[in-house]
Amino acid sequence: MLLIHMTKRLLLYIASLLLAMPMWAWHETVTVGAGLTQTLPTSVDSRVQSVADALGLTLLGWTPGEIADGQRPATYYGLGATVTPPAETTYYAMFARANSGGELIVRQCPSPADGDTVLLATIASGVCLLASNAGTTNSQIGVYLMNNTSTYTGSLMTISNGDASAYIWLYNDSTSGTFSLQSVTNKAYFLNVNSGVVKCGVSIPRKFTVQNGFLYHLGTYKYLQYDIKSGTVYWKTGSLPSSQSFAFYRKERYVDFATTIGQLPGCANCFIYVP
């Protein structure tokens, strides 16, 4: 009896040690029922995020299936994307490592750095629109609507190279937290404010900032927004755009796509120790 009692205590002690030890491999999932609509989380459990940070991995989004080979999956969604699966689906948090030689990902960029190339995205009524960098003198800017070939899924989007060149801006830091936006297709031109019309073509950089989550012009105190009825972008004084949001997106490159982090590549039962 004494031996049995001691064995039980030993097993309980070992179990407590295992619970206290760091996990060797981590993943996070969200299951959505058939025909249900759900917004995918914009973050993962802090313990999972700490392991990702320790391994130099970035949380990119969610994919409806595990990644076994480190390659970018055919289907994936950004953080905060809305999904309605026809059958019950388990979505896995997707991580990857930034690498200049990796696969292209267009990802939301809350804080662009000087010299970044960015897209100006306005999201209105679930529709994502990009402001073009039209290169004729003081021409009114058009918008590009995400369609079947170029899609918007929350913090991520896909856009074809042919379309992207006409919608990329160069982010140039100025003083006092301001910046200018320069046309990449014609670097003699910058984003301009002319009355309520959004234009590209002025040769003098205008100063912008992000205020209350929207692109804001300091000289005229106007916010950039989109008019769904007319299909145009315009500047509006004072009040914030209603039922809209704004975000910068940036082209980035990644390798080592994974849904289980901490596992060594090519070894299903070998794990990296993360304290």
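This is a predicted model: local features need pLDDT of at least 70, side-chain atom pairs count only at pLDDT 80 or more; totals for chains, interfaces and linings use all residues.

Me: Why is the pair of Tyr77 and Tyr91 called edge-to-face?
Reply: Rings of Phe, Tyr and Trp (its six-membered ring) pair if their centres lie within 6.5 Å; planes under 30 degrees apart are stacked, over 60 edge-to-face, and the rest tilted. By this rule there are seven aromatic pairs. The ring centres of Tyr77 and Tyr91 are 5.9 Å apart and the planes stand at 80°, so this pair is edge-to-face.

Me: Which parts of the chain does the pair of Tyr77 and Tyr91 link?
Reply: Tyr77 belongs to strand β4 (residues 77-78) and Tyr91 to strand β6 (residues 89-108), and the two are 14 residues apart. Strands here are DSSP runs (E, at least two residues; helices are H or I, at least four), numbered from the N terminus.

Me: Are Tyr77 and Tyr91 buried or exposed?
Reply: Buried means under 20% relative accessible area, exposed over 50%, and partly exposed in between (1.4 Å probe, protein chains only). Tyr77 has 22%, so it is partly exposed. Tyr91 has 3%, so it counts as buried.

Me: What makes Phe214 and Tyr223 an aromatic pair, and of which kind?
Reply: Their rings are 6.3 Å centre to centre with 80° between the planes, which is edge-to-face. Phe214 is buried at 8%, and Tyr223 is buried at 4%.

Me: What makes a nonpolar core, and how many residues has the largest?
Reply: A nonpolar core is a set of buried Ala, Val, Leu, Ile, Met, Phe, Trp, Tyr and Cys residues joined through side-chain atoms within 4.5 Å. The largest has 22 residues, and those with the most contacts inside it include Leu120, Leu215 and Phe248. Strand β18 (214-217) is among the elements that give two or more residues, and its three residues are the largest share. Another core, apart from this one, has 19 residues, among them Leu40 and Trp62.

Me: Why is Ser243 called exposed, and what does Ser243 touch?
Reply: Its relative accessible area is 65%, so Ser243 is exposed. Ser243 sits in the loop between β20 (232-237) and β21. With residues up to four places away in sequence set aside, Ser243 touches Ile123, Ala124 and Ser125, where contact means heavy atoms within 4.5 Å.

Me: And what of Pro112: buried or exposed?
Reply: At 12% relative accessible area, Pro112 is buried. Pro112 is in the loop between β6 and β7 and touches Val118, Tyr171 and Phe248, not counting residues up to four places away in sequence.

Me: How many cavities of 30 Å³ or more does the structure hold?
Reply: The structure holds one. A cavity is a set of points on a 1 Å grid over the protein atoms alone where a 1.4 Å probe fits but cannot get out, and lining residues have an atom within 4 Å of a point. The lining of the largest cavity includes Val106, Thr117 and Arg250.

Methods. Residues are numbered from 1 along each chain as its sequence is written. Side-chain values use heavy atoms; hydrogens and water are left out. On a 1 Å grid over the protein atoms alone, a cavity is a set of points where a 1.4 Å probe fits but cannot get out, and a pocket is an open set with protein on both sides within 12 Å along at least five of seven lines; lining residues have an atom within 4 Å of a point. Grid points are joined across faces, edges and corners, and a volume is the space filled by probe spheres set on the points.
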